[in-house]
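Visitor: I would like to learn how to read a protein structure, one feature after another. Please give me the general idea each time and then the case here.

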Amino acid sequence: MIQNITKFNTVLKYVKDTFVGKDDVVDLLGICLLARENAFLYGPPGTAKSAIVRTLSQTVKNGKNFEYLLTRFTEPNEIFGPFDIRKLKDGELITNTEGMMPEASMVFLDEIFNANSSILNSLLMALNEKIFKRGKETKHLPALIFVGASNVLPEDEALNALFDRFLVRIMVENVNPDLLHQVLLAGRKLENQDENEIPEIGADEIRELQVLCKTVDLKPIYEIYLHTIINLRNTGIAISDRRAVKLQNLIAASALICGRKEAVASDLWVLKHIWDTEEQIEILEGIINRTIEKDESPQSHPQALQNKAPNAEEVMKDVKILVEKWEGGTLSFEEQNVIKDKLRYLQTRCDWIKNQEQKQYIQKEIEGLWQKILQSA
């Protein structure tokens, strides 16, 4: 176990060193890979979404990779493979899957929401059950992970089911300008890199870790996890029973990647990335940060310890928006809860502001809004 985890972490470190400022993206892909759950990358063009997945795929030895850019005119044959003409002559509808998605261990589908109705049903089953079904054919897929990517979120209700199949949603943005110099150097190095320099882990070794992931003891965090799910639902974040069950795999993967056989509260950091809309990102951050900040485990996942230093002006701007919303008119119970959760999140962020004068001013504004909320209760 230790040897495979060490190899896996070496691979992730290599990808993180290659793509400066994308540690959170790589770590989340690593979590999904161990949990055998699907990941969705969301962000503007040119933010290295495809390159990160491609580089991670190169580190998987003895595995086949499949990458495809979907358009509205993409046909099932382009993804799953054409019918075998030799078998067709004998009256059998058998798909020739050689080199196609049904045989791949790492699958990346770019512009996933361009999927049309002709491939949607087969794609849904592949993503959810890891099964390819076409006519009388049924094939269990060897895929270790499915990664989808898009520059936009789905607007068509028909695509909501497809979006739901991606348990983890990862925001991929341009790096901080302070890191741009390192990005340029790393990009240049990547273009000239020798394949012999790339660390590797076998596909079978990853499968062994995926099996091991299911043995991680989650009992120590069950009560916290249950309370968190109920809290998120009360806030208006839709978490079905099916997703609640699957999210446990991510928590277990966070523990395993740290070399632990049991989960701790900080492993719930992965729940920050189950948003449906951009507006939910801050709400999740606030709720989950308050849940994991009390955990002082020395073996916490590195991403659980990340708390980006807030910009005082942005925090103040967000507080004023909440004040305007609260004073703007009649709010539903759910809308009131959303404002309260955002305010708690901003209160937590405020604690990290270094300038004491700015910090005290913002805290005063936050306390003022809390008073208004209490008076209206």
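Visitor: How many of the 13 residues of α2 are buried?

Guide: Buried means under 20% relative accessible area, exposed means over 50%, and partly exposed lies in between, with a 1.4 Å probe and protein chains only. Helices (H or I, at least four residues) and strands (E, at least two) are DSSP runs, numbered from the N terminus. In α2, 11 of the 13 residues are buried, and the helix is mostly covered. Among them are V25, D27, L29, C32 and A35. This is a predicted model, in which local features need pLDDT of at least 70 and side-chain atom pairs count only at pLDDT 80 or more, while totals for chains, interfaces and linings use all residues. Residues are numbered from 1 along each chain as its sequence is written, and side-chain values use heavy atoms, with hydrogens and water left out.

Visitor: What span should helix α2 have, and how far apart are its end C-alpha atoms?

Guide: The expected span of a helix is 1.5 Å times one less than its number of residues. Helix α2 covers residues 23–35, and its 13 residues should span 18 Å. The end C-alpha atoms of α2 are 18 Å apart, which agrees. Just after α2 comes R36, with a positive phi of about 55°.

Visitor: Which residues does L29 contact, leaving aside its neighbours within four places in sequence?

Guide: Contact means heavy atoms within 4.5 Å. By that test, L29 is in contact with residues including A39, L41, I52, V147 and I170. A nonpolar core is a set of buried Ala, Val, Leu, Ile, Met, Phe, Trp, Tyr and Cys residues joined through side-chain atoms within 4.5 Å. The largest one has 99 residues, and L29, M101 and L162 touch the most other members. Apart from it lies another core of 18 residues, among them A312, M316, V323 and I339.

Visitor: How many bridges join β1 to strand β7?

Guide: Two strands pair if DSSP finds at least two bridges between them. β1 and β7 (residues 145–150) run parallel and are joined by 4 bridges, with A39 opposite V147. β1 also pairs in the parallel sense with β8 (residues 168–171), over 4 bridges. There F40 stands opposite R169.

Visitor: Which residues of helix α13 are buried?

Guide: An α-helix has 3.6 residues a turn, so residues three or four places apart point the same way. The buried residues of α13 are A312, V315, M316, V319, L322, V323 and W326. They cover an arc of only 120° around the axis, taken from the directions from the helix axis to the C-beta atoms, which puts them on the same side of α13. The face turned away from that side carries the exposed residues E313, E314, K317 and E324. What covers the buried residues includes α14 (333–350) and α15 (356–375).

Visitor: Where does N62 lie, and is N62 buried or exposed?

Guide: N62 lies in the loop between β2 (60–61) and β3 (65–69), and is exposed at 72% relative accessible area. Its phi is near 60°, a positive value in a residue other than glycine. E111 likewise has a positive phi, near 50°, but E111 counts as buried at 18% relative accessibility.
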